[in-house]
Amino acid sequence: MVVRVGIVGCGTVGTGVVRLILENSHLIQQRTGIRLELSKVADRDWEREREIEVPHHLRTTDYREVLENSDIVVELVGGKTFAKQLILEALKSGKHVVTANKHLLAEDGKEILQEAQDRGLFLGFEASVGGGIPIVKVLRESLSSNRIKSIQGILNGTTNFILTKMLEEEENFEEALNQAKALGYAEADPTLDVDGWDSAHKIAILSMLAYGFYVPFEEVHVEGIRNVELLDVELGKELGYTLKLLAIAKRVDSQVEVRVHPTFIPSDNPLAKVSDVYNAVLLEGDFVSKVMLYGKGAGSHPTATSVLSDILDAVKFMACKEGHPQRFFWSSEKLEINKNFYSRYYLRFDVPDRPGVLASVARVLADYNISIASVLQKEKVCHLSGREGQPIIPLVILTHKAYEKDMKRALEDIVKLPVVEGNPVLIRVEEEVY
Ligand SMILES: NC(=O)C1=CN([C@@H]2O[C@H](COP(=O)(O)OP(=O)(O)OC[C@H]3O[C@@H](n4cnc5c(N)ncnc54)[C@H](OP(=O)(O)O)[C@@H]3O)[C@@H](O)[C@H]2O)C=CC1
Ligand SMILES: N[C@@H](CC=O)C(=O)O
Ligand code: NA
């Protein structure tokens, strides 16, 4: 069976896909019986040097040539506006589509998913989450018999790479980000990575697959790594924790939490060991119990592998439409987003080292029913008070589980205490990862 594959967008991922098809098409045919033929590759700039030379007869600057000459159209331009137009146009002209575009799918993808479904066409997006990790397929197929209780993961390669470089190799943030860009890990707009949006797009997609509802993206709690301070990473380490940017989705009854934030996890937890550009996802299903997937979360070749997985699934879909697991699962249950998380917290207050300070902070926490698990106070002075010139030290409080709303209200009261300087640091702590 010969299948024509066309690509729009020949950047980091597109180049990887071209190379994988050109180099491994024989192997693919031996294994699957499918002969993939590159039809056309569109990009707006063919002057730029790439990892491989794309054969001249395949190159075009007009995406319509891709649409006209392909059975499967692969969208790898990124961004929302043109990508959406391209995918809808491809679907409307009866083409199966593969995309890596989590930004578009999470924020504005419902129409696309519906269009593919209504037209009985394949829409693959394995590459949109976890780079080379086959997580979409696992949720859609392998675990489709289970109710998914929770998903927790490190879902962004760039931020995990930056955190690793900063914390283990003492590089500064900008240096580490520049390396991530040069290695092709970062988004065209890297604020999507750094400020947590990319992880949020990915956890929204995984939640959709797991819970069968299109997550209202504006309700996802998103915090990135921009404000992480080394002092907290070091203090957390003393308490036995490692800091990671975690994406979490948890379902309890008809409520789903979907959130992304820097998180302390126990240092002996497998997720704490996931470093560099690697990602990992922990799933918990009602029958299977826990499953962990690990692999490179970004980069040309791992992501191209996921694109190829979708291309081959699209071919199988073409060959046998009936009963193919492509159908999206939309739950008839009414689910809502729960923003009142229940978790442990690491709090840091900058305070003067004098009697009664801890008691005054503890009193406010007690007023909101927040129980203290442990306290760490350093004698090392971090700075002199802006108010009175007296030495200021970090006071760290680790709480037992508390509700987010109570914590927010307690902090509003605590910042008003005359002994507390500036804004407290709040980092959520997840103990129950694996
Ligand atoms: N990089 C990675 O590790 C991963 C990326 N993804 C996703 O894959 C997609 C592609 O990412 P990536 O390859 O890194 O991005 P790149 O920016 O490297 O590649 C995109 C390519 O598309 C070109 N392009 C943009 N707009 C148009 C247009 N209108 N017509 C023709 N060509 C166009 C770009 O040209 P120009 O450079 O001139 O803008 C560029 O060559 C994104 O959705 C991204 O989120 C998913 C998983 C991993
Ligand atoms: N920018 C993303 C690329 C893969 O999705 C990341 O760093 O994870
Ligand atoms: Na994937």
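1. Ala, Val, Leu, Ile, Met, Phe, Trp, Tyr, Cys and Pro count here as nonpolar, Asp, Glu, Lys and Arg as charged, and the others, Gly among them, as polar. On that scheme the shell around ligand 1 has eleven nonpolar, ten polar and five charged residues.

2. This is a predicted model, in which local features need pLDDT of at least 70 and side-chain atom pairs count only at pLDDT 80 or more, while totals for chains, interfaces and linings use all residues. Residues are numbered from 1 along each chain as its sequence is written, and chains are lettered from A and ligands numbered from 1 in the order in which they are written.

3. The domain assignment of the protein chain gives domain 1 (2-133 + 301-319), domain 2 (144-296) and domain 3 (342-429); such bounds come from an automatic or database assignment. Between domain 1 and domain 2 the C-alpha centres are 26 Å apart. Contact (C-beta atoms, placed from the backbone, within 7 Å) links 15 residues of domain 1 to 18 residues of domain 2. On the domain 1 side, helix 4 supplies the largest share, five residues. That side has five nonpolar, seven polar and three charged residues.

4. Ligand 1 is surrounded by 26 residues, the closest being Gly 9, Gly 11, Gly 78, Ala 100 and Ala 298; a residue is near a molecule if its C-beta atom, placed from the backbone, lies within 6 Å of it. Because domain 1 and domain 2 both give residues to this shell, ligand 1 lies between them. Helix 1 (residues 12-32) gives the most, with three residues; helices are DSSP runs (H or I, at least four residues), numbered from the N terminus.

5. Around ligand 2 the residues include Gly 131, Asn 156, Tyr 185, Glu 187, Asp 198 and Ala 298. By class, this shell has three nonpolar, five polar and three charged residues.

6. UniProt, in an unreviewed entry, lists Lys 102 under "binding site"; such annotations may be inferred rather than shown by experiment. Lys 102 is in helix 4 (residues 102-108). It counts as buried because it has 27 C-beta neighbours inside 10 Å, the cut-off being 20 or more other C-beta atoms within 10 Å of its own. Leaving aside neighbours within four places in sequence, the contacts of Lys 102 include Asp 198 and His 201.

Definitions and conventions
Helices (H or I, at least four residues) and strands (E, at least two) are DSSP runs, numbered from the N terminus. A residue is buried if 20 or more other C-beta atoms lie within 10 Å of its own, exposed if 12 or fewer, and partly exposed in between; C-beta atoms are placed from the backbone. Two residues are in contact if their C-beta atoms, placed from the backbone, lie within 7 Å.
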